[in-house]
Protein chains: 2
Amino acid sequence: MSRIPRYQVIYEDLSSQIASGALAPEAQLPSEADLAERYGVSRMTVRQAVRQLQDEHLLVRRRGAGTFVTRPSAQRRRLNRLGSFADEMGAEEHRVRTELRARETTAVPEEAREPLGLAAGRETIRIERLRLIDDRPAALQISWLPYALVPLLARVDLAGGSLYRTIRDHYGLRLSWADMEVSASAATAGQADVLGVRRGAPLIASVRITHDPSSTAVEYARSWTRPEFPLSIRLEA
Amino acid sequence: MSRIPRYQVIYEDLSSQIASGALAPEAQLPSEADLAERYGVSRMTVRQAVRQLQDEHLLVRRRGAGTFVTRPSAQRRRLNRLGSFADEMGAEEHRVRTELRARETTAVPEEAREPLGLAAGRETIRIERLRLIDDRPAALQISWLPYALVPLLARVDLAGGSLYRTIRDHYGLRLSWADMEVSASAATAGQADVLGVRRGAPLIASVRITHDPSSTAVEYARSWTRPEFPLSIRLEA
DNA sequence: TAGTGGTCTAGACCACGAG
DNA sequence: TCGTGGTCTAGACCACTAT
């Protein structure tokens with residue numbers, strides 16, 4: 001008795017056919033009715049698999065015409081995905097190192113109260129990290145996580161600096177989406193010292209609130225990044 | 001005979017109930033079976049409406065528990081989609097005005113040559129605009145477009161400052177995607193003067209290369225934005 | 001006109017969460 | 001245990017595209 005949904009099986013089959021090239025870019029898929037017959041399911045089930053692939057921009061449906069594999073240019077790796085710092089910085093090309101500067105239990109700071117949905121005085125885990133790229137200081141990050149969601153995180157080993165992997169492996173928390181605000185600020189004396197820039201030098205300043213699949217806020221994070229390490233975003237129409 | 005799908009009607013009804021507060025944040029919706037009965041449709045139709053709202057993070061479904069209204073998160077300059085400046089800034093809430101500071105034909109600058117795929121000395125249209133939000137200077141933007149793609153753009157009326165609409169209406173160019181890099185910089189004397197900040201003040205600095213559906217680069221643009229107008233990005237896992 | 005995807009029905013059984 | 005959302009069926013008619 002398989003516990004895997006049928007549409008998921010179909011999704012993975014079509015997905016791997018696209019990845020392997022068996023279904024080439026621009027190629028037309030069999031009609032939904034055909035696919036339903038081949039997989040021995042109803043058309044609605046096929047549609048659920050196809051919709052998932054459409055959401056990932058691997059397939060395009062054209063009413064009256066058919067379903068087609070998208071051109072590879074549109075399949076390019078999304079730079080706008082929620083990922084670890086190493087992912088974002090392109091860890092393939094550069095050596096990313098993390099220096100843990102502080103990890104402690106503190107009352108939730110004012111600025112994080114509302115985003116995290118915590119009452120004043122509630123405890124959080126505060127984690128301050130310096131990110132280095134090719135041994136050069138690149139970004140200072142401070143995260144606050146509700147203590148109730150990640151108890152004892154202050155004592156857990158942070159796997160290679162990846163907070164996301166740690167809370168997934170230790171607490172089963174999956175991170176699903178984040179709202180991020182990006183601005184600019186002048187380096188304070190403390191930031192300047194840590195990041196190796198002059199006081200008042202411009203930094204990329206950002207605030208991020210990360211949520212789990214049920215939209216519970218899991219992390220409030222601020223970061224300051226040297227301008228030589230810009231953020232890359234791909235925007236689609 | 002209505003040509004609007006029923007799930008769309010349900011979607012809009014629920015959507016406006018959420019917007020008006022009739023369905024408050026954290027509130028539980030009636031069950032899918034209930035909604036189906038109320039709207040006089042089958043459950044699958046209700047699910048289609050709810051899925052759409054879930055995709056937009058307005059609702060959260062929890063298996064075994066119910067469907068709930070999401071807590072709202074601040075809406076700022078949304079950057080997930082390629083759109084006009086007014087779109088990004090949320091033109092409903094704020095008055096966005098554009099001051100055209102320069103429009104001329106010039107040789108392609110060095111920095112834009114490779115992104116636009118132009119040989120040295122080729123001509124471009126250069127457009128410099130100041131964006132004001134509620135009459136306060138917010139961003140300085142300079143765009144270069146290959147002359148060959150938009151001949152005589154220097155003389156065409158720029159509809160309310162929307163370059164995108166103008167080149168679509170006059171040249172049939174549709175913009176499909178853009179790569180953007182966001183960083184920070186210190187205001188030069190000229191930028192400081194135009195934007196009303198002190199020289200050396202931090203600004204959000206970005207570079208964007210916009211493409212048409214066939215991936216031809218249509219625009220190379222730099223902009224400097226005051227930090228009170230941060231960019232907002234939603235990241236998905 | 002033939003074939004495609006878009007919408008929709010009226011059921012069904014199952015997995016999960018809360019009390 | 002009971003109510004919820006998750007999955008799935010076997011049909012149907014419609015809107016649209018290509019020929």
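Which base atom of DNA strand D does a polar side-chain atom of Arg43(A) approach? In this predicted model, where local features need pLDDT of at least 70, side-chain atom pairs count only at pLDDT 80 or more and totals for chains, interfaces and linings use all residues, it's a base nitrogen, 3.3 Å away. Residues are numbered from 1 along each chain as its sequence is written, chains are lettered from A and ligands numbered from 1 in the order in which they are written, and side-chain values use heavy atoms, with hydrogens and water left out.

A polar atom of the Tyr7(A) side chain sits 2.5 Å from a phosphate oxygen of DNA strand D, and one of Arg63(A) sits 3.3 Å from a sugar or linking oxygen. Helices H1 (6-20) and H3 (43-55) of chain A, plus helix H3 (43-55) and strands S1 (59-62) and S2 (66-69) of chain B, each give two or more residues to the surface near this strand (near means a heavy atom within 4 Å; helices are DSSP runs of H or I, at least four residues, and strands are runs of E, at least two, numbered from the N terminus). H3(A) gives the most, with four residues.

Within chain B, helix H2 (residues 32-39) packs on H3(B) at about 105°, with the axes 8 Å apart (axes are lines fitted to C-alpha atoms over the stretch in contact, and angles between N-to-C directions run from 0 to 180 degrees). That makes H2(B) and H3(B) roughly perpendicular, a label for angles of 65 to 115 degrees.

Key
Polar contact = N/O pair within 3.5 Å; in protein donor to acceptor, adjacent residues only side chain to side chain. Parallel < 35°, antiparallel > 145°, perpendicular 65-115°, else oblique.
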